[in-house]
Amino acid sequence: MDHQASQQSGMKKEATVLNVICTVGAIAFLAFAAFNAITSGDFFTTDNLFLTVICLLFALVLAVGPLLYLKDAGKLPLPFMKKALPEGSSPEQLGTGSVAIEHDEPVEEVHFSGTNKLFSFIWLWLLVLTAIEIILAYKPMSIHLMLTILLGLSIIKAALIIAYFMHLKFERLSLILTVVPMLVICICLLFVFFPDSFRSLGLRYKFNEPPPVEVKKTADEDQ
Amino acid sequence: MSTEARAESFAAADWDGGTLPYRVGHRKLGMWLFIVSDSLTFSALLMGYAYLRASNVWPTPFPFYPSIVFSSVMTFCLLSSSLTMVFGVSASARGDKAGARKWIIATILLGLAFVVLHMIEWNHLISEGLRPFFLPEHWVKVFTTTDGTPPSPLFGATFFAITGLHMFHVLTGALYLSVVAARVKKLKHEDIEISGLYWHFVDLVWMFVFPLIYIMSVDVQGLTK
């Protein structure tokens with residue numbers, strides 16, 4: 001028993017150190033994002049937005065650990081958690097609670113939440129959002145606005161599919177945190193190529209006057 | 001157990017081994033990790049497409065019929081197949097394996113309908129003259145800008161690569177599901193759920209491919225007619 005107690009206090013110390021490191025990291029990233037926002041004159045450039053998004057995402061990932069620790073210790077004031085708990089949802093669905101208790105249970109227990117009615121409702125929403133996308137295609141608007149709306153709708157649809165059909169909403173929070181944030185960060189990192197893409201559009205030779213007929217012909221043949 | 005004690009035992013109990021920290025079996029965790037890596041493959045392809053599109057004059061050649069009509073019906077097929085798959089998984093959760101098999105077969109059929117419609121749609125474009133590295137001649141004429149810059153011939157490359165890889169995923173999924181449907185009585189519920197995860201992922205990818213490839217390239221003014 002003594003040994004176990006000392007082991008537990010050792011774990012507690014480790015957890016404290018880890019939480020402190022994560023908090024410092026999160027604050028550093030937030031500070032960097034704020035510093036960047038203050039010092040850059042024109043904030044809304046691709047580079048600035050990219051930097052801010054990445055900094056905020058890293059800060060979020062680093063802050064998740066300490067926040068969850070606080071939540072488990074009951075020191076985090078969460079306005080909606082108390083309402084959510086009594087509605088028959090086991091604490092397991094909400095994340096890290098009640099961990100030590102259920103360890104010895106067999107894994108093969110089938111837990112499947114969500115009714116067919118709920119899934120049909122989600123499917124209807126997906127169809128409606130798709131219909132909106134198709135209608136949008138024929139509305140005259142700038143390509144940037146259209147891209148923003150379409151991507152927004154797509155992300156909503158993807159979130160619906162992941163949360164309900166793929167059942168991630170009903171999984172443990174630790175699985176969600178393992179799968180989702182790093183994927184989002186990796187995809188955001190891919191945006192680093194876009195400044196180069198816009199630059200190469202600017203580098204293209206501009207035909208300022210209508211090209212002679214022969215030149216156009218060879219250009220066609222090249223295609 | 002008090003919340004305090006739970007918080008203390010949390011780290012030790014969860015990651016000391018002998019438990020499943022994510023409360024899912026290793027096969028399901030493996031499928032989730034595969035899905036993450038596969039979605040990075042598709043993001044990279046879509047990002048490459050966006051890169052090319054932003055740095056080139058890009059044709060927007062898809063007419064309402066056949067392209068948009070076909071792709072909309074395909075979207076409907078794939079979304080509905082996700083619904084039938086989720087019905088199958090919940091039937092299997094209730095222990096109704098025969099019901100699960102029926103729903104999974106419905107899923108396979110809808111997936112195959114998607115592939116067949118997509119093949120017809122590809123055939124329209126190929127017979128019009130679209131190739132991975134060439135545009136049809138009349139597209140080049142129509143989409144050349146007023147200052148004489150021709151449209152990028154890589155349209156076909158991005159289109160065939162992205163939709164082709166997606167179609168390959170659908171075909172693989174149909175194969176996977178037919179094995180699951182054949183062996184449904186021997187499989188555990190979790191295995192059926194895992195096949196569902198894969199199928200929903202294929203649907204999820206199409207939710208990005210459809211707007212970015214098809215809706216963003218609609219020929220509103222009827223130029224290619």
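Me: Which residues touch the most other members of the largest nonpolar core?
Reply: This is a predicted model. In its largest nonpolar core, which has 92 residues, A:Phe165, B:Phe159 and B:Trp206 touch the most other members. Helix 7 of chain B, residues 189–214, gives this core its largest share, 16 residues.

Me: What makes a set of residues a nonpolar core?
Reply: The residues must be buried, come from a list that includes Phe and Trp, and be joined through side-chain atoms within 4.5 Å. A:Phe165, B:Phe159 and B:Trp206 are members of such a set. As a general point, nonpolar side chains tend to be buried together in soluble globular proteins.

Me: Which residues does B:Trp206 touch, not counting residues up to four places away in sequence?
Reply: Among them are B:Ser71, B:Met74, B:Phe114, B:His118 and B:Tyr214. Each pair counts as a contact because heavy atoms lie within 4.5 Å.

Me: Why is B:Ser71 called buried?
Reply: The cut-off for buried is under 20% relative accessible area. B:Ser71 has 0%, so the residue counts as buried. B:Ser71 is found in helix 3 of chain B, residues 64–93. With residues up to four places away in sequence left out, B:Ser71 touches B:Trp206, B:Phe210 and B:Tyr214.

Me: How many helices and strands does chain B have?
Reply: Chain B has seven helices and zero strands. Its elements, read from the N terminus, run α-α-α-α-α-α-α. Of its 225 residues, 59% count as buried. Among contacts in chain B with a separation of 6 or more, 79% come from residues 24 or more positions apart.

Me: How do you know that A:Cys188 is too far from the closest cysteine sulfur for a bond?
Reply: A disulfide needs two cysteine sulfur atoms within 2.5 Å. The closest cysteine sulfur to that of A:Cys188 is in A:Cys186, 9.5 Å away, and therefore too far for a bond. Over all chains, the structure holds zero disulfides.

Me: Why are A:Cys188 and B:Cys77 called buried?
Reply: The limit is again under 20%. A:Cys188 has a relative accessible area of 14%, so A:Cys188 is buried. B:Cys77 has 8%, so B:Cys77 is buried.

Me: What volume does the largest pocket have?
Reply: The volume is about 2000 Å³. The pocket is lined by 48 residues, and the closest to its centre are A:Leu151, A:Ile155, A:Ile187, A:Phe191 and B:Met47. Elements of chain A and of chain B each give two or more residues to the lining, including helix 6 (143–165) of chain A and helix 2 (26–54) of chain B. Helix 2 of chain B gives the most, twelve residues. By class, the lining has 39 nonpolar, seven polar and two charged residues.

Me: What makes a space a cavity and not a pocket?
Reply: In a cavity a 1.4 Å probe fits but cannot get out, whereas a pocket is open. The whole structure has two cavities of 30 Å³ or more, and the largest cavity holds about 60 Å³ of space.

Me: Which residues line the largest cavity?
Reply: The lining includes A:Phe112, A:Phe165, B:Lys28, B:Glu193, B:Gly196 and B:His200. Helix 7 of chain B gives the largest share, four residues. By class, the lining has six nonpolar, three polar and two charged residues.

Terms used: Residues are numbered from 1 along each chain as its sequence is written. Chains are lettered from A and ligands numbered from 1 in the order in which they are written. This is a predicted model: local features need pLDDT of at least 70, side-chain atom pairs count only at pLDDT 80 or more; totals for chains, interfaces and linings use all residues. Side-chain values use heavy atoms; hydrogens and water are left out. Buried means under 20% relative accessible area, exposed over 50%, partly exposed in between (1.4 Å probe, protein chains only). On a 1 Å grid over the protein atoms alone, a cavity is a set of points where a 1.4 Å probe fits but cannot get out, and a pocket is an open set with protein on both sides within 12 Å along at least five of seven lines; lining residues have an atom within 4 Å of a point. Grid points are joined across faces, edges and corners, and a volume is the space filled by probe spheres set on the points. Ala, Val, Leu, Ile, Met, Phe, Trp, Tyr, Cys and Pro count as nonpolar, Asp, Glu, Lys and Arg as charged, and the others, Gly among them, as polar.
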